[in-house]
Amino acid sequence: MTLSEVIKVIEGVASNQPSINMVVQHNAFKLNDVPDAKYGAFAWVQGQHTASVESSFITYSFFLYYIDRLTHDKSNLIEVQSVGVMTLDNIIKSLEDLGIYTSTPYSFQPFSQRFLDECGGVYVNVSFDVPISSSCPEIINDPNVAVYEGE
């Protein structure tokens with residue numbers, strides 16, 4: 001599977017999560033460019049990808065984000081982070097069901113961050129081992145989920 005195929009599968013799996021209403025490509029901070037962001041948002045950023053001559057796998061690394069808007073008093077921060085952990089874990093487990101396996105354990109880092117809106121969420125640094133000769137599974141993206149590529 002190529003890098004672009006893996007990204008399409010990740011986005012497709014994410015867009016089918018009930019808590020995801022928007023996919024932000026390449027950089028979570030692109031949310032600053034979206035005045036009408038549809039939260040909860042899923043974002044991904046590429047990490048370092050690795051391979052070796054001896055291996056029949058390529059390891060693709062990503063930072064995956066779940067981001068949602070906080071209430072004025074931020075009283076929903078823990079709930080947003082809780083949903084984020086479950087959403088990202090569901091995405092990772094769904095990818096494993098499709099043959100995109102995690103190569104190492106992963107841990108979730110909660111955060112709060114000001115984008116155009118006051119937000120909270122969780123991110124995870126995860127690496128996937130993908131057989132070089134594998135084919136890309138067919139994933140149908142939810143048409144109701146916005147995709148923001150940015151510039």
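In helix α1 of this predicted model, the residues Val6, Ile7, Val9, Ile10, Glu11, Gly12, Val13, Ala14 and Ser15 are buried (under 20% relative accessible area, with exposed over 50% and partly exposed in between; 1.4 Å probe, protein chains only). These buried residues pack against β1 (22-24), β2 (41-46), β4 (57-69), α2 (77-97) and β7 (118-131), where contact denotes heavy atoms within 4.5 Å. Helices (H or I, at least four residues) and strands (E, at least two) are DSSP runs numbered from the N terminus. Helix α1 comprises 13 residues, 3-15, and spans 18 Å between its first and last C-alpha, close to the expected 18 Å (1.5 Å times one less than the number of residues).

Residues are numbered from 1 along each chain as its sequence is written. Local features require pLDDT of at least 70 and side-chain atom pairs pLDDT 80 or more, whereas totals for chains, interfaces and linings use all residues; side-chain values use heavy atoms, without hydrogens and water.

Strand β6 (residues 108-114) pairs with β7 in the antiparallel sense over 7 bridges, pairing requiring at least two DSSP bridges. The two strands form a hairpin with 3 residues between them, and Pro110 stands opposite Val122 in β7.

The structure holds 8 aromatic pairs (Phe, Tyr or six-membered Trp ring centres within 6.5 Å; planes under 30 degrees apart are stacked, over 60 edge-to-face, the rest tilted). The ring centres of Tyr106 and Phe108 lie 5.7 Å apart with planes at 90 degrees, so this pair is edge-to-face. Phe111 and Tyr123 form a tilted pair, at 6.2 Å and 40 degrees, linking β6 to β7 across 12 residues. Phe111 is buried at 15%, whereas Tyr123 is partly exposed at 27%. Phe63, Tyr65, Phe111 and Tyr123 form one aromatic cluster.
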